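Good morning, and thank you for making time for this presentation. I would ask you to keep the structure open while I speak.

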Amino acid sequence: MNANLHPRLRQVSAAILLAALGSPAMAEEEVLPEYTFMDAIKTGKNLTSFRLRYEYVDQDGLQPATFANGSPNPTANQALDNANAMTMRSLVGWQTAPYHNWSFAAQLTNVSKLQDDFNDGTNPVRVNGASNESDKINYAKVVDPDYTDVNQLFVDWTGIKNTKVRLGRQIVNLDNVRFIGDIAFRQNTQVFDGLSILNKSIPDTEIFYAHFDRVRQIFTTHRSGDLDILNTRYRISPTEFLVGYAYLSDFDNLGFGNAWFGTGTANYAASQSNKTFGVRLDGTHPFTPNYRAHYTAEYAKQDDYRGGDSRIDAHYYKLGGGFGIDNFNMRVDQELLSSNNNTFAFQTPFGTNHLFQGWVDKFLVTPREGIKDTFVTATYRYGDFLFFADYHVIDSDNDFYTVGSGTNRNGSRYGTEWNAAVTWNIDKNWMTKFEYGKFSEGDQFGLGPNTTSNAAGTRGRFRDTEKLWLTAMYTF
């Protein structure tokens, strides 16, 4: 981990360590049983699970015109090969019970390909260790590369009443994981290295602060920088919350520069450091045991930070609501990630973006024209089965140039998408899930009036795509 932390973080860390090592530990909010060291190990929490998944992708698109060595591709202008991916994720870990206010956790991860007819996304030219230049690059992407690593490794200290301090590699999920999440859907999760503090001293309030100096992304890339998180959550009722947050990201490069700012070398090198401040009101208000109302109102502003590119200037909102009757729920929402005059759009690089703008993952990075997503969601629970469906109409915030010729080439409709899923919780250990998503292209997003400008340029279309997932998971 990066030892060059901010001065304020070093001060916080030193105070915590001094308190832990030089003072009697303060009592917990709840009296914990006295464990011997071996009891603390034996009575801990299992962090082990196994997840087998099959993913199928049928994506319209073009082959690369040439291979990496410059030779022509004889299959250029043909559709990408369908992806068939069978992968197994194994998480093996354990967290001890508290012993004198200390708890330790370690978790290993392994992702193995059982059927690898897919592009795992780790190399834009040659993937899966192929020596054949026409290998997996011709397949649609499934971002589940082979990988073995330490997934989590941290120590918890609870020697201050109503406070938990965690130091090490850890998973973090905040609110609806729009801004900070572990991207748990993918086989390789996103994890953070650093220090986090959760305090519950104020009634009905949780204050979460963290400083991370490294993030491992789902592509398995480790990136260094500084991420400061402050998230304060006030419980209005057991099911209603008011949240204020600040996310300060000082990363020169998170791997999205080409998509954030443009295709030129100078644009790609632009710093991606940014700050985001926001407020969120979200909850479910019950009127009777069988009838309830759902609502969400959220706003955030994103600007450049610590030398970040000056074009980083955008805002975000989500508004929506709905109702629930017995086991049925339905709601309508709109989410906007605005554009700064087609030069930059609101980004969520640390969020679980798979859950937003549909599951087909056409918009993991916000196009510079922005996104306005209007969608309806319905769920129904029947015994051990949960049924889910949603439908998205996905527009841009600013018009974009479309594929074709002529003077009137403005478009605003990226496309539409619908998703459906059935989850069967067989018992406390076994879960199976079927999921399907289909994205249909709207206006053909493509070539701008000036291919060297920031506002436009040659970019790939959001082509028709279908995906199917079958998942079986065993959790200890």
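Predicted model: local features only at pLDDT ≥ 70, side-chain atom pairs only at ≥ 80, totals over all residues.

Let me begin with Asp228, a residue of strand 9. Is Asp228 buried or exposed? Asp228 counts as buried because its relative accessibility is 4%, and the cut-off for that class is under 20%. Two polar contacts of its side chain deserve attention. One joins the side chain of Asp228 to that of His211, at 2.9 Å. In another, the side chain of Tyr209 is the partner, at 3.0 Å.

**The chain as a whole**

The protein has 476 residues, and 48% of them are buried. Its secondary structure consists of 4 helices and 19 strands. Of the contacts with a separation of 6 or more, 64% are between residues 24 or more positions apart. The accessible surface amounts to about 22,000 Å², and carbon and sulfur atoms account for 57% of that area.

**The nonpolar cores**

Which residues have the most contacts inside the largest nonpolar core? They are Phe179, Ile180, Phe192, Leu227, Ile229, Phe350 and Tyr414, in a core of 37 residues. Several elements give two or more residues to this core: strand 8 (205–216), strand 9 (222–237), strand 10 (240–250), helix 3 (257–261), strand 13 (313–325) and strand 16. Another core lies apart from it and has 6 residues, including Ala83, Ala85, Phe118 and Ala140.

Phe350 shows how the 37-residue core is put together. Setting aside neighbours within four places in sequence, Phe350 touches Phe179, Ile180, Phe192 and Leu227, among other residues. Its contacts also include Gly181, Gln190, Val215, Ser249, Phe251 and Leu254.

**Salt bridges**

I turn now to the charged pairs. The whole structure contains 20 salt bridges. In one of them, the side chains of Glu335 and Arg178 meet with an N to O distance of 2.9 Å. This pair links distant parts of the chain, 157 residues apart: Glu335 belongs to strand 14 (residues 328–337), while Arg178 sits in the loop between strand 6 (163–170) and strand 7 (191–199). Glu335 is buried, since its relative accessible area is 1%. Arg178 is buried as well, with a value of 2%.

A second example is the salt bridge between Glu298 and Arg280, at 2.6 Å from N to O. Here the partners are 18 residues apart, with Glu298 in strand 12 (residues 291–304) and Arg280 in strand 11 (residues 274–286). Both Glu298 and Arg280 are buried.

The side chains of Arg311 and Asp309 form a further salt bridge, with an N to O distance of 2.8 Å.

**Trp94**

My next residue is Trp94, in strand 3 (residues 83–95). Trp94 is partly exposed, because its relative accessible area is 31%. Which residues does Trp94 contact, apart from neighbours within four places in sequence? They are Ile41, Lys42, Gly44, Lys45, Asn46, Leu47, Phe104, Ala105 and Ala106. A polar atom of the Trp94 side chain lies 2.6 Å from the backbone oxygen of Ile41. Gly44 is 50 residues from Trp94 along the chain, yet their C-alpha atoms are separated by 6.9 Å.

Strand 15 (371–382) and strand 16 (385–401) are the elements that give two or more residues to the patch. Phe387 counts as partly exposed because its relative accessibility is 35%.

Note on methods
Residues numbered from 1 in each chain as written. Heavy atoms only, no water. Buried < 20%, exposed > 50% of the residue type's maximum accessible area, 1.4 Å probe, protein only. Contact = heavy atoms within 4.5 Å. Polar contact = N/O pair within 3.5 Å; in protein donor to acceptor, adjacent residues only side chain to side chain. Salt bridge = Lys/Arg side-chain N within 4 Å of Asp/Glu carboxyl O. Core = buried A, V, L, I, M, F, W, Y, C linked by side-chain atoms within 4.5 Å. Areas by Shrake-Rupley, 256 points an atom, 1.4 Å probe, with all protein chains shown as cover.
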